[in-house]
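Subject: Structure handover

Hello,

Here is the structure I said I would pass on. My notes on it follow below the entry.

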Amino acid sequence: DLIIPSSVTTIGHYVFRYCHNLESLVIPEGVQTIGNYIFYDCTSLEAVYYPESVTSIGTGSYKVAYVIEGSFIHRYATGRGYKYKLIERYDLYFVV
């Protein structure tokens with residue numbers, strides 16, 4: 001399992017590039033900015049949880065997501081017609 005420390009506030013460009021075995025990821029609360037193409041060529045990635053703290057997401061960095069209703073990422077996905085699944089905060093433990 002990949003664990004992003006809770007102290008991280010920014011995820012840079014191409015961070016998980018070519019992580020072919022990455023199947024799911026929980027981005028922790030506190031991350032505000034996500035760079036471009038962070039999941040470039042992550043061929044096994046099926047789902048990502050984006051926290052409410054995200055306020056900016058780069059080009060090509062959205063994957064099928066678990067989102068909290070009304071969050072930035074929920075509005076982002078809805079506005080672009082992207083697939084997502086709404087969850088409650090307590091459902092996070094069952095996402096991955």
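A residue is called buried under 20% relative accessible area, exposed over 50%, and partly exposed in between. By that rule Y14 is partly exposed, because its relative accessible area is 33%. Please keep in mind that this is a predicted model.

Surface tyrosines

Y14 sits in the loop between β1 (10–11) and β2 (24–26). Its phi is positive, about 60°, although Y14 is not a glycine. Y37 also has a positive phi without being a glycine, in this case about 50°. The loop that holds Y37 runs between β3 and β4, and Y37 is partly exposed, with a relative accessible area of 33%. Y40 is likewise placed in the loop between β3 (33–34) and β4 (47–49). With a relative accessible area of 40%, Y40 is partly exposed.

Nonpolar cores

In soluble globular proteins, nonpolar side chains tend to be buried together. In this model the largest nonpolar core has 22 residues. Those with the most contacts inside this core are F16, I27, I34, F39, Y50 and Y62. Both β6 (65–67) and α1 (72–80) supply at least two residues of the core. Its largest share, three residues, comes from α1.

Not counting residues up to four places away in sequence, Y50 touches I27, I34, F39, I57, S61, Y62, K63, A65, Y66 and I73. There is also a second, separate core of five residues, which includes A47, Y49, Y66 and I87.

Cysteines

From the side of C42, the closest cysteine sulfur is that of C19. A search of the whole structure finds zero disulfides. As for accessibility, C19 is partly exposed at 30%, whereas C42 is buried at 6%.

Two loop residues

S53 belongs to the loop between β4 and β5 (56–57). Is S53 buried or exposed? S53 counts as buried because its relative accessibility is 15%, below the 20% limit. Apart from residues up to four places away in sequence, S53 touches P28, E29, G30, V31 and Q32.

Y82 is in the loop between α1 and β7 (84–86). Its relative accessibility is 36%, so Y82 counts as partly exposed. Leaving aside neighbours within four places in sequence, Y82 is in contact with Y62, Y76 and A77. Of these, Y62 is listed among the residues with the most contacts inside the largest nonpolar core. Y82 and K63 are 8.4 Å apart in space, C-alpha to C-alpha, and 19 residues apart in sequence. K63 is also one of the residues that Y50 touches.

Regards

Notes:
Residues are numbered from 1 along each chain as its sequence is written. This is a predicted model: local features need pLDDT of at least 70, side-chain atom pairs count only at pLDDT 80 or more; totals for chains, interfaces and linings use all residues. Side-chain values use heavy atoms; hydrogens and water are left out. Helices (H or I, at least four residues) and strands (E, at least two) are DSSP runs, numbered from the N terminus. Buried means under 20% relative accessible area, exposed over 50%, partly exposed in between (1.4 Å probe, protein chains only). A nonpolar core is a set of buried Ala, Val, Leu, Ile, Met, Phe, Trp, Tyr and Cys residues joined through side-chain atoms within 4.5 Å. Contact means heavy atoms within 4.5 Å. A disulfide is a pair of cysteine sulfur atoms within 2.5 Å.
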